[in-house]
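Hi,

Here is the structure I said I would pass on. Have a look at it first, and then read on for what I found.

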Number of protein chains: 2
Amino acid sequence: MAIPRAAKTQRRTRIQEEKEERILEAALDVFSQNGFRGATIDQIAEAAGMSKPNLLYYFRTKEAIHRQLIDRVLSTWLEPLRAFDAEGNPESEIRSYIRRKLEMARDFPRESRLFANEVLQGAPHIEDELKGPLKALVDEKAEVIRAWARSGKITKCDPYHLIFSIWSTTQHYADFDVQVRAVLGQDYAGEGRFEDAARFLEQLFIDGLRARKA
Amino acid sequence: MAIPRAAKTQRRTRIQEEKEERILEAALDVFSQNGFRGATIDQIAEAAGMSKPNLLYYFRTKEAIHRQLIDRVLSTWLEPLRAFDAEGNPESEIRSYIRRKLEMARDFPRESRLFANEVLQGAPHIEDELKGPLKALVDEKAEVIRAWARSGKITKCDPYHLIFSIWSTTQHYADFDVQVRAVLGQDYAGEGRFEDAARFLEQLFIDGLRARKA
DNA sequence: CGATAATTTGACCGCTTGGTAAAACATTAC
DNA sequence: GTAATGTTTTACCAAGCGGTCAAATTATCG
């Protein structure tokens, strides 16, 4: 007799790992494009190339897929902010943070949209993560920025809103991709917009934050 | 015998106007929180305080409600950008643009989220609007900004990405409201965050764009 | 090999969904 | 008033939904 769910076994088989991977990959596609409510198990199953009951053998519920997806993505998503180094040079720290966030928007747009969908719809599944680990990390880095400002390395500014503005400007290129493309027009077929965006944003933030003599 | 749909009559009755208004108001709530696919007619009907068939007497389909909502909101949404004046002082134009966009994020977050949901999910219903009227408007204002840069009133920068960055930073406070609140914490009960954001963004953009001597 | 555990399938269930039909009810115009 | 029009309700449907079940199939291990 089969043990009810693969997940209950201690050792995971090769097949389990493969299939769960395929499911999460497919789910990322579907959830990021439709949000949690808008996504259906059938869609995910089809995208993963398996039948619905088969998919439900690996994940008991739609929520379980979503939760695991979020958990997995969240930590890598915050990686760039974690790398923010108090000892480093403020200008180059900010510059490379912007660059890394832009690279993520370019290379992992689905992950960005997954979160955007979630937060936009009230973050019903990740409120705790936002108020806990995320807030803690931001608080920590805000203190770093504040210290830089105190020591005159950058101009005085609200560190929280600085972080928000870096998040929003960079993620915009993933989350609002369709709009960005529509406005820039066809001539922007390639990914040159990311380079242009990087140039612009670095200029904006670096010059905007440079400590002023006056 | 009743004419199939109220909409077919030439003159709209008082009741029609009232009810359609109530429906659109309710739909704004529901669509902005759940996206198109995630929203249900029943939800909208309940929020509007009427039965589903009654609602469907005024709007034949879910799409029809959504379309009308988008149409109505789109024009008012772009109003601030339209107000961008080539003859005005660049600094104050940009400053007041930022301020107006922030006010809209504060006062009309549902409208912002309606669009965000739509664009995020690939803009299936408004692609034409984006590529047409929106692009045209942005192209026009980009030229204004470019002219300012040419005449040395602001520093040289990519006007499109400048506009994107103003959009994203301001709308962030509507679209990612839950996250902003979570990170800022309880002490931010009121709406002071909008004032802080305004201060920060004005500083960032004005100082970041100020024409440099070097 | 054979036994046992893991995986896959097809049939199904109860609920929700977008939408319809027709009749009951209300309003307006004359 | 009454007839025509406009509005609302009740009952309903077919498709889609998340999820279950038991049987069939396949992989694994001694």
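A quick definition before the numbers: buried area here means the accessible area, taken with a 1.4 Å probe, that two parts lose on being put together, summed over both. Please also keep in mind that this is a predicted model.

So, how much do chain B and chain A bury between them? It comes to about 4900 Å², with 67% of that on carbon and sulfur atoms. On the chain B side, Leu120(B), His161(B) and Val183(B) supply 15% of the area buried against chain A, more than any other three residues. Counting residues, the contact takes 58 from chain B and 59 from chain A.

Which parts of chain B do the touching? Two or more residues each come from helices H1 (14–38), H6 (109–120), H7 (127–150), H8 (159–175), H9 (177–184) and H10 (192–209) of chain B. H8(B) gives the most, with 12 residues. Sorted by class, the side of chain B that touches chain A has 25 nonpolar, 21 polar and 12 charged residues.

Now the symmetry. Chain B superposes on chain A by a rotation of 180 degrees with 0.0 Å of shift along the axis, at an RMSD of 0.1 Å. The two copies are therefore related as by a two-fold rotation axis. If you want to find that axis on screen, look for Gly208(B): its C-alpha is the nearest one in chain B, 1.9 Å from the axis. And because 100% of the interface residues of chain B are interface residues in chain A too, the copies meet through the same surface.

Away from the contact between chains, a couple of side-chain pairs are worth a look. Over all chains the structure holds 40 salt bridges. One of them joins Glu21(A) and Arg72(A), at 2.9 Å from N to O. Glu21(A) sits in helix H1 (residues 14–38) of chain A and Arg72(A) in helix H4 (residues 62–82) of chain A, so this pair ties together parts 51 residues apart in sequence.

There are also 16 aromatic pairs over all chains. Take Phe84(B) and Tyr97(B), which pair edge-to-face at 5.4 Å centre to centre, with 80 degrees between the planes. Phe84(B) is in the loop between helix H4 (62–83) and helix H5 (90–107) of chain B, while Tyr97(B) is in helix H5 of chain B, 13 residues apart.

Cheers

Key
Residues are numbered from 1 along each chain as its sequence is written. Chains are lettered from A and ligands numbered from 1 in the order in which they are written. This is a predicted model: local features need pLDDT of at least 70, side-chain atom pairs count only at pLDDT 80 or more; totals for chains, interfaces and linings use all residues. Side-chain values use heavy atoms; hydrogens and water are left out. Contact means heavy atoms within 4.5 Å. Helices (H or I, at least four residues) and strands (E, at least two) are DSSP runs, numbered from the N terminus. Ala, Val, Leu, Ile, Met, Phe, Trp, Tyr, Cys and Pro count as nonpolar, Asp, Glu, Lys and Arg as charged, and the others, Gly among them, as polar. Copies are superposed by least squares on the C-alpha atoms of residues with pLDDT of at least 70 in both. Rings of Phe, Tyr and Trp (its six-membered ring) pair if their centres lie within 6.5 Å; planes under 30 degrees apart count as stacked, over 60 as edge-to-face and the rest as tilted. A salt bridge is a side-chain nitrogen of Lys or Arg within 4 Å of a carboxyl oxygen of Asp or Glu.
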